[in-house]
Each structure stands twice: as structure tokens, then as C-alpha cells.
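Hi there,

I'm passing a structure over to you. Have a look at it first, and then read my notes below.

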Amino acid sequence: MRTRLAALLSAVLVAGCGWSGADAPTEAGGGTIEYWLWDSGQQPGYQKCADAFAKENPGLRVHISQYGWDTYWSKLTAGFIADTAPDVFTDHLAKFAQFVDLNVLRPLDDLPPTADINDGDYQEGLAELWKGQDGKRYGAPKDWDTIAMFYDPAALEDAGIDPATLKDLTWNPQDGGTFEKAVAHLTVDANGIRGDEQGFDKNNVRQYGIGSDGAGGGGWGQTQWSNFTGSAGWQVTDRNPWGTRFNLDQPAFQDTLTWYFGLARKGYMPSFAEIGGNNPVGPDKQIQSGLAAMAFDGSWKISTFTGLTDTAGNKLEIGIAPTPIGPTGKRASMFNGLADSVTSLSKQPENAAKWVKFMSGEECQNIIGESGVVFPARPAGTEKAIAFNRDERKLDVTPFTDQVKDKTTFLFPVTSNAADILALMQPRMDAVYIGDAPVSSLSTLNDQLNDLFKVAQ
Amino acid sequence: MATATPELRRKPKDDTRLAILFIAPALVGFLVFMIWPTLRGIYLSFTKFNLLTPPEFNGFDNYVRMVQDPVFWNSLKVTVYYVVINIALQTALALGIAVMMQRLTKRTWLRGIVLTPYLVSNVVAALVFLWILDYQLGIGNKVLEMIGMDRIAFLADSNWVIPTIALINVWRHVGYTALLIFAGLQTIPETLYEAGRTDGASEITMFRRITLPLLRPILALVLIITVVGSFQVFDTVAVTTRGGPVDSSRVLQYYIYDMAFGRFQFGYASAMSVALLVVLIVITFLQYRLTRAEQSDLA
């Protein structure tokens with residue numbers, strides 16, 4: 001009896017284990033390096049890199065898995081807990097500090113293949129962002145991105161605005177400057193009356209002058225207001241990376257946001273509800289559907305925007321203009337970069353590091369540059385991406401690259417407690433966008449964010 | 001055992017061992033998958049734990065934080081608001097459907113149709129409604145416009161989100177609830193209705209005087225099951241609103257999930273789970289006593 005019971009017990013336990021095991025990705029080992037990324041647009045390019053890597057390293061193989069942005073991070077977290085995380089994954093600046101705190105990343109300096117990565121090989125500032133507070137490198141730079149304004153040339157033509165003038169637009173937090181004038185003129189209500197004309201009905205808008213990518217609580221307004229706060233001379237933290245104090249209580253920030261979200265109150269920008277709340281339609285869809293004439297978005301979206309079609313399936317014309325010039329007399333763009341990290345759970349860290357080294361190397365970054373999806377971190381790769389867009393897409397992407405050339409970029413704020421910041425910030429920013437709370441309420445948020453340093457894990 | 005003689009059979013046989021064998025699978029599952037995680041969860045609620053490094057005991061810190069956390073209290077309020085709308089509508093509708101199934105039709109396929117939404121997974125149902133109710137492109141808002149009403153941001157307006165989510169889940173669960181009640185109706189003897197008709201009672205009188213009183217134990221059971229399930233609403237929120245706008249649909253389960261898997265604060269998340277457990281125990285106990293679920297008037 002006892003043995004039968006034991007057999008039954010073990011059968012139950014085995015069944016239990018088998019269930020969780022069935023969901024696990026391919027077992028690591030056997031020379032297969034598991035690699036994860038979230039951008040489906042980049043997968044073909046990295047597959048080419050993986051093939052080249054396999055040719056150079058007989059016996060090693062890279063298996064690439066792609067998951068959408070939201071799933072990606074929850075799957076990764078679950079993977080760290082259940083020991084099914086990949087060997088190497090694409091890492092984001094907003095997330096990596098937390099992973100360092102959680103001890104799930106392996107310092108690349110400690111692994112022979114990646115120990116000699118040289119900061120100077122990459123666009124200025126990119127490599128330094130990936131060093132933790134302990135000074136160790138946790139990611140090898142792979143690409144970078146900036147922000148620019150995509151526009152629908154047809155809408156501009158209707159409004160009688162010459163696309164060439166977009167690069168001269170200026171804004172200020174008082175009256176919005178020539179930028180707001182252009183946005184108002186590009187806004188058309190249901191009766192065909194423009195935003196700057198008598199009788200404009202702001203509650204019944206057919207086409208907004210500028211699209212919206214939400215309240216920007218998730219990434220320091222990267223594709224929303226960061227170019228405005230940046231060109232107003234404001235910085236998220238006292239220093240970057242690893243700031244010790246947040247600056248959300250400063251007038252430069254609050255005045256800018258009051259003006260920015262004011263665009264939605266004036267009917268020049270869609271409201272929180274109109275873009276779908278917490279399940280928003282992106283700026284690309286807003287331009288595609290004619291809801292918006294212009295929209296800020298990142299360079300990683302170039303291929304998405306150029307691939308847009310109208311309802312009849314014809315390719316839509318798309319133009320790119322730089323972010324407007326702000327009160328500082330300069331334009332600004334957030335400068336963000338992705339990198340590849342090796343997980344501490346990897347059973348083959350040296351092989352993983354070889355693959356990371358390969359992706360950060362010249363050969364792979366040139367392959368990526370020639371695929372035209374993102375700007376590789378190495379200057380040579382960046383040039384290849386510019387050339388690809390110019391020759392293959394007939395698209396001028398210098399509004400993105402000039403920000404780097406002219407040094408008008410500011411780096412993505414890297415801080416600890418990223419997950420708590422996101423959880424605190426998102427609802428509060430949404431409340432400001434909706435109009436439930438005044439911009440001044442962000443001073444309270446700032447105190448809460450500063451308190452996080454006191455209770456740092 | 002088949003060879004047992006008649007004399008032996010007369011003696012009451014000790015079947016404890018057989019009973020253990022039959023109970024064991026359920027018991028092992030209960031201990032391993034219910035009791036152990038619950039005990040561990042209660043233990044973790046007294047620790048600081050990020051799941052990747054060992055838990056550190058921190059006494060009542062998590063509970064003190066919970067009492068002072070306005071988002072926790074708000075999420076409790078939002079959850080109760082959801083449960084009230086969800087359960088009130090669902091039970092009333094299910095009762096109506098069940099009575100109609102009992103009194104008006106005997107067709108199996110018609111009874112089957114009522115159950116079909118329940119066969120759709122929560123996530124799929126939520127996604128489908130997310131598209132139907134989309135502000136720009138959803139057919140729901142097109143219909144509203146056609147009948148001359150303004151479009152409504154069902155899942156992006158703080159006044160609408162909880163009623164909308166509650167209704168989505170009513171749609172999905174009402175058939176199943178109706179089926180449970182229907183099973184209860186089957187236990188009421190037809191003779192009582194015959195007697196009622198003989199006395200000239202109308203359908204409505206018979207519903208109030210015969211059906212409802214005799215259905216009470218079943219209704220009580222159904223309420224206990226659905227209320228517990230309703231308090232644990234999660235997937236519909238995760239798919240449609242992710243707790244927003246602001247905190248207007250941040251139900252307790254979603255807040256707990258986000259705290260654990262988004263912010264790696266498993267200790268605090270466990271403390272809130274324990275709070276939910278306590279709330280559910282109290283509510284279930286009260287329901288059980290108030291509805292006298294253990295007694296039937298049929299006897």
C-alpha cells in the first residue's frame with residue numbers, strides 16, 4: 001500500500017513538473033545560444049548575423065525568438081524566475097538597472113570575448129550608458145535611436161504648408177510659436193474648418209495637426225514631450241546616468257507640459273480616450289487613418305511608417321522633419337540605445353559573450369545597417385543605414401541623424417528603481433493628459449520618486 | 001476479495017485503506033497545489049522578497065504599508081464596485097434565463113446556445129470586446145453613431161471602464177450561471193407547480209412563492225462561487241485597460257500582479273493576497289450564514 005501511494009504521489013509530482021516543463025523554451029546546451037528580441041522588424045537582419053556567426057564559429061548556433069514588447073518583459077521576468085531565460089537578450093535602458101539590482105545580468109568585462117569592448121567604437125555616449133553603478137559593463141551597444149516628426153505630405157499640401165519650412169519651426173511654452181501655428185492650421189474639424197479659423201469646433205475634429213503617443217509616463221515622454229522638455233533645457237534627473245534627484249517639480253518641465261497637453265484641450269491633438277486609453281493606436285496608425293497630419297516618433301519606426309498603405313492598398317507618402325527649435329534656441333531629441341546583455345543564468349556564458357561580441361562588431365552592425373531598420377551603434381553602420389534609406393526608400397533620414405551630428409541630443413535617463421518609477425509615473429501622467437489632475441500634481445509625484453532613493457532595494 | 005465468504009461479509013469491513021487510496025489523489029493535489037502555496041504565501045507576506053534573492057523577514061512592514069497605501073484602498077473600492085455590478089446583473093439575468101429554459105423550452109440546442117460564451121476564453125472575449133468597443137474603429141461605436149448618439153470611450157473613460165468590464169464578464173459567465181441555477185430548478189418537483197396552477201396562481205406568483213424559496217440553497221451556492229470568482233477578476237482588466245485610465249480599473253488582483261511581476265515586490269504582493277483571502281473568507285462566511293445555504297426548504 002505504502003509503495004502504491006508513493007508511486008501515486010510521484011506520478012502526481014511528475015505530472016506537475018511535466019506541465020511546467022512543456023512550456024519551457026528549447027533547453028539550453030548543445031552549442032545552441034538562445035537569443036531574444038522584441039522588434040519583429042529586426043529579426044531578419046539578426047538572422048543574417050546569426051548565420052554569419054555560425055559560419056565563423058563551427059559548432060555554435062544561435063536560436064532567435066521574438067516576442068512583442070509587453071510579452072517580452074513579462075516572459076523574460078518569468079524566465080529569470082523559472083530558469084528558462086535566454087542566454088542573450090536585447091536590453092533596454094529603462095529596464096537594465098533593475099536587472100542589475102536583481103543580479104540577473106553578467107558583467108561583460110568578466111567574460112573574455114567581451115572584455116575588450118571599446119567605448120570609442122560607438123556613437124558618442126552610447127557605450128557609457130550601459131555601465132552599472134559598479135562601473136561594470138552590462139550591455140554591448142547595438143543600435144541607437146532619436147526622435148523626429150513624421151508627416152503626411154498630402155495633408156501639408158492641403159493646408160498650403162511647404163514641407164521645407166518644417167525644419168524652421170520653433171515653439172515656446174507661452175503661445176506655442178510657429179510650431180503651434182502650423183499644428184493649428186493642419187487641424188481640420190468635421191465641417192472643414194481649420195484650427196486657426198473662426199468657428200472651429202474643437203470637439204468634432206476630423207484631422208488633428210499632431211498625433212499623440214499617449215501621456216509618456218512609460219519612457220520619460222520619449223515619443224511624446226521629451227523633445228519639448230529637452231529643448232526647454234530641462235533634464236529628468238540632476239545627473240545622468242544614476243541621478244540622485246528628480247526634477248519634475250521644476251517650472252521648465254511643468255510649463256512645457258501644461259502647454260503640451262494644452263494642445264489636446266485646444267483640439268489640436270487627440271485626447272487620451274480618442275487614441276484608445278491604455279491600449280492606444282500608435283502614431284503610425286493615426287497618420288495612416290488620417291486622424292493626424294504629423295506625429296513624433298522614433299527612428300525605429302522608419303520602416304513602419306514607410307510601409308504604410310491607404311485603404312486601397314497604395315503606399316502612403318511619408319515625410320520626416322526634425323523636432324522643433326525650443327526656448328534654448330536649439331532643437332532636442334532623446335538619444336536612446338539598445339544593447340545585448342548576457343544573463344547570469346546562462347549555462348554557456350562564454351559562448352553567449354561571443355555572440356554579443358559579434359553583434360556589437362563591425363560585420364553584424366553593417367548587416368543591420370544595410371537592412372535599414374535601425375541605426376547601428378557604430379558610425380560606419382549608421383552611414384550604411386542612411387545610405388539604404390536614401391537609395392532604396394528615397395527617404396531623407398537626416399532629421400534623425402543630424403541630432404547626433406549637431407550634438408542636440410540628450411541621453412535617456414538611466415536610474416535605479418525603474419519598475420517602481422514606471423508604476424508610480426504612468427497613472428499620474430495619464431491623469432494629467434486626461435485632465436483629471438493639474439500639471440502641478442507632478443510635484444507630489446516628484447517627491448514620491450525621490451523617496452524611492454531612500455528605500456532603495 | 002471476491003472470494004470473501006458470506007460469514008466474513010457480515011462483519012463490517014474496514015475499508016479505510018481503500019478510502020485513503022481514493023482520497024489520496026485529490027488530497028495530494030490539494031496539499032501540494034493549494035495548502036502549501038497558501039502557507040508559503042502567508043509566510044512571504046512577512047518578508048521582503050524579489051523572488052531572485054532569498055526572502056528577508058521584515059515582520060509586519062508589508063501590512064503597515066498596505067494600510068497606508070491609498071492605491072490599495074482604491075483598488076479594493078474598485079474591485080467591490082466591479083463585483084456589485086457584475087454579480088447583481090449576472091445573477092438576475094441568469095435567473096431569468098434559467099427560468100425561461102425551465103418553463104418555456106425543452107430544446108437542448110437552445111439551452112446549449114446559452115452556454116456558448118462560456119466556451120470562449122476570458123482573454124479572447126476581452127480582446128473581441130476591446131475591438132468592438134474601440135473608440136475610433138469599433139463597430140459598437142459605429143452603431144451608437146448610427147442611432148444618433150455620441151461615441152463613448154468605453155474602455156478609456158474612467159466612468160465607463162468598470163461597468164464595461166463588468167458587462168463583458170456578465171456576457172461570458174451568465175450562461176454558465178444560468179446552467180447552475182437551471183440544475184437547481186430541476187430539483188423542484190413539478191407537482192408543486194401543478195398544485196399552484198390548480199389554485200389559479202399566475203406564473204409570476206409561482207416564481208415568487210415556489211421557485212425562489214425552493215431555489216435558495218442553490219442560489220446561495222451559486223452566489224458564493226460567483227462572488228469569489230468575481231473578486232478575482234484579472235484577465236479582462238489586463239487585456240482591456242491594464243488598470244487605467246489612471247487607477248479607475250486597477251482591481252486588487254491586477255495591482256497584486258503588477259506589484260509582484262512588474263515591480264518585483266513579492267512580499268508586499270503576498271500581503272495584499274492575504275488581505276484578499278481574508279476578505280473572501282469573511283464574505284463567504286457571511287453569505288453562507290445569511291442565506292442559510294446548508295438548509296433546504298424542500299425536506
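**Where the two chains meet**

Two salt bridges cross the interface of chain A and chain B, a salt bridge being a side-chain nitrogen of Lys or Arg within 4 Å of a carboxyl oxygen of Asp or Glu. One of them joins the side chains of Asp70(A) and Arg242(B), at 3.4 Å from N to O.

This is a predicted model, where local features need pLDDT of at least 70 and side-chain atom pairs count only at pLDDT 80 or more, while totals for chains, interfaces and linings use all residues. Residues are numbered from 1 along each chain as its sequence is written, chains are lettered from A and ligands numbered from 1 in the order in which they are written, and side-chain values use heavy atoms, leaving out hydrogens and water.

The contact (heavy atoms within 4.5 Å) draws 35 residues from chain A and 34 residues from chain B. Together the chains bury about 2,900 Å², 66% of it on carbon and sulfur atoms; buried area is the accessible area (1.4 Å probe) that two parts lose on being put together, summed over both.

**A sheet in chain A**

Chain A also has an open sheet of five strands in the order 6-7-8-5-9, with mixed pairing. Strands are DSSP runs of E, at least two residues, numbered from the N terminus, and two of them pair if DSSP finds at least two bridges between them. Which strands are at the edge? Strand 6 (188-189) and strand 9 (319-321) of chain A, as each pairs on one side only.

Enjoy exploring!

Methods:
Helix = DSSP H or I, 4+ residues; strand = E, 2+ residues; numbered from the N terminus.
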